[in-house]
Amino acid sequence: MKAILVCGSLLLGAVALGILATASGGASDAERARRSLVGAQHEWASRAVWACDQRKLVVVEGVRPDEKIPPERAQLVADVLTDLMRFCNEEITARIATNQAISVAANGRVYENYVVGGPLPIVKASFGEPTQREQQIWKAELDKLVAEGDRLFHSDELGSNGIACAMCHPNASNTHPETYPKFQTQLKKVALLRDMVNWCILNPLEGKELAHDDARMKALEAYILAQRRGKALDAGKH
Amino acid sequence: MAVFERRQRVGLAALAAVSALAALALAASAQTLDLPVPSGVLPPEIPADNPPTPGKVELGKKLYFDTRLSTDGSVGCVTCHDPRHGFVDGRDKATSAGVGGALGTRNAPTVLNAAFLASQFWDGRAATLEEQAVQPLVNPIEHGFADQAAVLAKLKTLGDYPPLFRTAFGSEEISTLRVGQAIASFERTLLSLDAPIDRFLAGDAGAISASAQRGWALFNGKARCNTCHGRIDVIPLFTDDLFHNIGVGVKHIDFDKVARKAAAAVAAGASVDQLALSNAEASELGRFLVTRESKDLGAFKTPQLRNLALTAPYMHDGSEATLRAVIEFYDRGGNDNPYLDGGMRPLGLTEQERADLVALMETFTSSDLARFAELEKLVPK
Amino acid sequence: MYRNDMTRKEIQRAFAERSAADERLLRSLQNCDRRHFLRTSLKFAGMAAAASLVPFHGFQLVNVAHAATTEGGDPDVAFRFAYVSDSHLYARGMTHRFARAAAKAVEDMNALDPQPDFVLFGGDLAQLGRPDELALGQQILKELKAPVRMMVGEHDWYLDLGEKWKEMFGPDHYSFDHKGIHFVVLNSVVEKDFWTAKGYTPEQRMAIVAGLDDGRQSSFEVGEAQREWLRQDLAKVNKKTPLIVFSHSPLYKLYKPWNFWTDDAEQVQALLKPFATVSVIHGHTHQLLTNRIGNIQFHGMLSTAWPWPYAPQGLPSYTVQMLRADPFNQFDGCGDGSVDVLVKGRVDKHYNPWSRNPREVTAQQLAAKSLPGGGYQGPSY
């Protein structure tokens, strides 16, 4: 009996509060406008967007994690991330408030009123440049892939009739990878380099096409592109 | 001040109304027609001096179905390009027959979508529909007239034409040019690009069967069809508009010998006419007779493949009776000859693969052919 | 009928006249009865004239000036020989496309009428120098009606350094006289030893040499021993006697990375220089290639197996390039040809590229450097 009374009064109270709340035209016009912009339930929601280096983070306030960021705010997010990328290797968090004001936190400090492209008192890390050792490693890895592509390009193992790519394309001449994508008349549609590689394997070489992400396809592309270093990109040139 | 009486005023008003209507009708019949081309597809090329109008289409339609335009009254365009049979010849033979039942050497191609093609006839000798339409009229084994003058003489005896010429062209003058232009205008309305294969390629995975889908992969892969018969999005006709020797008719004649003689003659600067070719021999030299280039010996136009299932038999001489026979022809690598296109080679297709390709080609049949149902009623009995 | 010095207008007129004369032929295009003469409104002469009077790469009409058969033909031509070159055979049976192509060339040779005095085989009969490949080649060439003169290429040589070749086909360098011309056949693919120090096996050595762009091999040369032999051979020949030299590699320096190159070219050319008329016919480059250095004219032979792209640098300005091949067409860019030996000893080179119109490069054009179309400097790819 008592419980019912208590619940009942609580309920009444809640209803009363509810009525009060909705009746509180005490909220200013601006406040109401802001609320209607983001929705009362979204006041404290935010969505996080990471940059590709996993070190720059933008928190967008007023957007639920499962909600798409509206186009203008999304553009601002992209602009902020791109701009912050100049601080290589630094971990930075930017927070975009619902009124689009941006604050940036780095090195344990918070900097208010950040403007995209504007100065930030963060020292650029000096170790963003690749070291000699790193460059050596990267080149060795690339050379390895190119050498494998070279081997495949000159071998007869891609086809079934003994013909090698190098027979019609010594030193990858006449491959023109810099002109793709382009309409390839043999395929009757716009093709990428790897589409044409596959077509050649299937037709003049009478072999089996490779999957686009096959290691052999990557090696072949690496070899072909390495032979054409320095050629200007000219997509669609015939 | 002259004041018209009420009756006269009514009369005048009526006259004005009728004149206005007539003017409107005339204007309408002279208004350029919009051809039913789907979005994203390049429209057919139309000669600048022959924009399609309702008047020309009406005239062209009448000419098309009119068997009086032949020496024995039995042959019209409709005879070999029958709307009841996919706009090709519905009769039993491999090739078409003209006046007096004279059999020719060619398998009549479909008029459907012909407006999109870069050239007409199997050897591409006509650049436009206008040029093509008037040639059969003066072919002794087709419509049979001795020359264009004879065609016009016959036309002028047909009283129902002058008003149609006036509506179409503004005057009653009957000329070969106008005949071609009218028929071409009518043919330009015979467009049909909505087939299951199109819907499948637009993303509707259920539009064609699994067998046909395998066929499409083969078409673009092992069966090597797409390099000549590829479907380009902006011009989905399944043809490259080029000419290839696939060896179809080489067994009818001693093709090797005739072709090499023709090539030698051209290289020596001699006239091909001196070769004294027989009808059958000349017929099989194909595009060469138009260009006189030896690379075109035995070459014929890559036909479009839309509505293939309706346009049997196949090839320029109708020598392959069924789709299945066509696949087997290509599987063999065509017929070898000195000028065989190097793209032909045996394919090594399995039984299932052949069936899949046939299933695929059946999906090239338009789904909206009912649009042309009323034309079927115009076919003379 | 056409002369090299005709203006474009004159050619058009001559062509139109010829077209008028060909009207009797036109009826065959319409499948009609021989007895009926066809008058149509077709613009045949105009169409053909507009189509390709000076064809982009056919140059057929302009080049026709000199082409002729030997008997009863151009009195300037003393005799003719033909060639098949660079067949690169794998011993994988007659269905392999290289074998089919070699057989196709033999058919072309056998169809020549009149038959050439002999057929030159230009080198690279085998792909990897194997006995079974050489045997297959010998078997295919046995079908030739005309007598055969053999020349060796690097693909024939570097498996066993020519042992099998010499056993099957005789010496790798020799000379002979024919109808007043002194012919010399050289082995111009001698390479300085690059294999012993590295310990390569014969198969490895052959594989390295087989790679056009494989920089581990040495450059080609004729070599001191052979140059000495040549000097002695030529000492017996009157300086006024026309010379025709057969060599696999071009006897000049075109592009070293691909061994389109002879290291001692200058020394060899010096031996040839005293002669009034010298022509070199070479293989190896698998393309239409022309050059002239001083009094020596150089002509490349087509391969039956596959075309090479043009070298990125160093192309002679006398070469009117052929357009790159379509890889869909296994014969495109390949072919065979013949050589007219003129009474004065110079040569007119005829190319018979499959799937394309024939081309010729005449002695007169080279002498005057008046190449058709002003010498097309196409894409060096």
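Which residue takes a positive phi in the hairpin of strand 13 of chain C and strand 14 of chain C? Ser355(C) does, with a phi near 65°. Five residues lie between the two strands of this hairpin. The model is predicted: local features need pLDDT of at least 70, side-chain atom pairs count only at pLDDT 80 or more, and totals for chains, interfaces and linings use all residues. Residues are numbered from 1 along each chain as its sequence is written, while chains are lettered from A and ligands numbered from 1 in the order in which they are written.

**View 1**
Strand 12 (residues 335-342) of chain C runs antiparallel to strand 13 (residues 347-353), joined by seven bridges. Strands here are DSSP runs of E with at least two residues, and helices are runs of H or I with at least four, both numbered from the N terminus. Two strands pair if DSSP finds at least two bridges between them. Val341(C) has Val347(C) as its bridge partner in strand 13. Four residues lie between strands 12 and 13 of chain C in their hairpin, where Gly345(C) takes a positive phi near 100°. Strand 13 of chain C is also joined to strand 14 (residues 359-361), again antiparallel, by three bridges. Lys349(C) stands opposite Val361(C) in strand 14.

**View 2. The two faces of strand 13 of chain C.**
Seven of the seven residues of this strand are buried, so strand 13 is largely enclosed by the rest of the structure. A buried residue has 20 or more other C-beta atoms within 10 Å of its own; 12 or fewer make it exposed, anything in between partly exposed, with C-beta atoms placed from the backbone. In a regular strand, side chains alternate between the two faces of the sheet. One side of strand 13 carries Val347(C), Lys349(C), Tyr351(C) and Pro353(C). The other carries Asp348(C), His350(C) and Asn352(C). Both faces are covered.

**View 3. Strand 1 of chain C and its partners.**
Strand 1 (residues 77-84) of chain C runs antiparallel to strand 12, with six bridges. Arg80(C) has Asp340(C) as its bridge partner in strand 12. Strand 1 of chain C also pairs with strand 2 (residues 119-121), in the parallel sense, over three bridges.

**View 4. The core around Val119(C).**
The largest nonpolar core has 106 residues. Such a core is a set of buried Ala, Val, Leu, Ile, Met, Phe, Trp, Tyr and Cys residues joined through C-beta atoms within 7 Å. Val119(C), Val245(C) and Phe246(C) touch the most other members. Helix 5 (residues 97-111) of chain C gives the most to this core, with seven residues. Beyond four places in sequence, the contacts of Val119(C) include Phe81(C), Tyr83(C), Met109(C) and Leu144(C). Contact requires C-beta atoms, placed from the backbone, within 7 Å. A second, separate core of 59 residues includes Leu63(B), Val88(B), Ile183(B) and Leu305(B).

**View 5. A six-stranded open sheet in chain C.**
The strand order is 4-5-8-9-11-10, with mixed pairing. Strand 4 (174-178) and strand 10 (290-293) are the edges, each pairing on one side only. Neighbouring strands are turned by 20° against each other on average, direction ignored. Strand 9 (residues 278-282) and strand 11 (residues 296-300) of chain C pair in the parallel sense over five bridges. Ser279(C) stands opposite Gln297(C) in strand 11.

**View 6. Ala207(C) in helix 9.**
Ala207(C) lies in helix 9 (residues 202-210) of chain C. Ala207(C) counts as partly exposed because 19 C-beta neighbours lie inside 10 Å. Leu342(C) is 135 residues away along the chain, and 40 Å separate the two C-alpha atoms.

**View 7. The domains of chain B.**
Chain B is divided into domain 1 (54-192 + 370-376) and domain 2 (196-362). The bounds come from an automatic or database domain assignment. The C-alpha centres of these two domains of chain B lie 26 Å apart. Across the boundary, 20 residues of domain 1 are in contact with 23 residues of domain 2. The domain 1 side divides into eight nonpolar, nine polar and three charged residues. Ala, Val, Leu, Ile, Met, Phe, Trp, Tyr, Cys and Pro count as nonpolar, Asp, Glu, Lys and Arg as charged, and the others, Gly among them, as polar.

Methods:
Two residues are in contact if their C-beta atoms, placed from the backbone, lie within 7 Å. Axes are lines fitted to C-alpha atoms, for helices over the stretch in contact, and angles run from 0 to 180 degrees between N-to-C directions.
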